[in-house]
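Please have a look at the sequence and the structure first.

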Amino acid sequence: MTSTSPPPGLARFNALEEHAALAALHEACASTAWARRLLTARPYPTADHLYAASDAAMADLTPADLEEAMAGHPPIGRPKPGDPTSAREQSGMAGAPEGLRTEMLELNLAYQERFGHVFLICATGRTGEQMRDAVRERLGNAPEREREIVRSELGKINRIRLARLVEAEAEAEAEAEAEIEADVEED
């Protein structure tokens, strides 16, 4: 017999009070429209359902919603101080030589001047050189094409962050169960 209940981390997310779930979703994506859409679709039976809902919400974002989502992302090479998520995601730039960092700053500024928003790329697992090459290539895109690439990259980032959210929730659940078992063994 197979279980129809969601995995523990997802079940925990599903059970969060609305304000806590909304805050967790805003950590994944700064778009209020995206977060509200995911919030109203709870409960999710599987992580894949959550990811599919994220993809659908991302596809439906208006240009203003997309701007709001992008505003939550710092430029590549300059993670938000004290923000472990942006530091982890941009770790490919962490040990980059000074010349590459300077070039990336210049490319970020050129990109922002051309398109009016931060250069957005799913940086997880990419080296500094790969990110530099991507911004160089994308500077030649038409604004409409670039907007769709940004939407796609943001969708990838959201999936990674949602997976971490669900895994973090599962890890918290496992830690709580371990503490309970330790307490029972002591009694």
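The report below begins with the model itself and then moves to details.

This is a predicted model, in which local features need pLDDT of at least 70, side-chain atom pairs count only at pLDDT 80 or more, and totals for chains, interfaces and linings use all residues. Residues are numbered from 1 along each chain as its sequence is written, and side-chain values use heavy atoms, with hydrogens and water left out.

**The chain as a whole**

The chain holds ten helices and zero strands; helices (H or I, at least four residues) and strands (E, at least two) are DSSP runs numbered from the N terminus. Of its 187 residues, 40% count as buried, where buried means under 20% relative accessible area with a 1.4 Å probe, protein chains only. The accessible surface is about 10200 Å², and carbon and sulfur atoms account for 53% of that; the areas come from the Shrake-Rupley method with a 1.4 Å probe. Taking contacts between residues at least 6 apart in sequence, 68% join residues at least 24 apart, a contact being heavy atoms within 4.5 Å.

**The cavity**

There is one cavity of 30 Å³ or more. On a 1 Å grid over the protein atoms alone, a cavity is a set of points where a 1.4 Å probe fits but cannot get out, and lining residues have an atom within 4 Å of a point. The volume of the largest cavity is about 120 Å³, counted as the space filled by probe spheres set on the points, which are joined across faces, edges and corners. Its lining has 13 residues, and H73, E89, Q90, I121 and I157 are the closest to its centre. Helix 6 (84-89) and helix 10 are the elements that give two or more residues to this lining.

| Residue | Location | Relative accessibility |
|---|---|---|
| R161 | helix 10 (residues 143-186) | 12% |
| H117 | loop between helix 8 (98-115) and helix 9 (128-138) | 5% |

H117, leaving aside its own neighbours within four places in sequence, is in contact with E67, M70, Y111, Q112, R147 and V150.

Notes:
Buried < 20%, exposed > 50% of the residue type's maximum accessible area, 1.4 Å probe, protein only. 1 Å grid on protein atoms, 1.4 Å probe; cavity = no way out; pocket = protein on both sides within 12 Å on 5 of 7 lines; lining within 4 Å.
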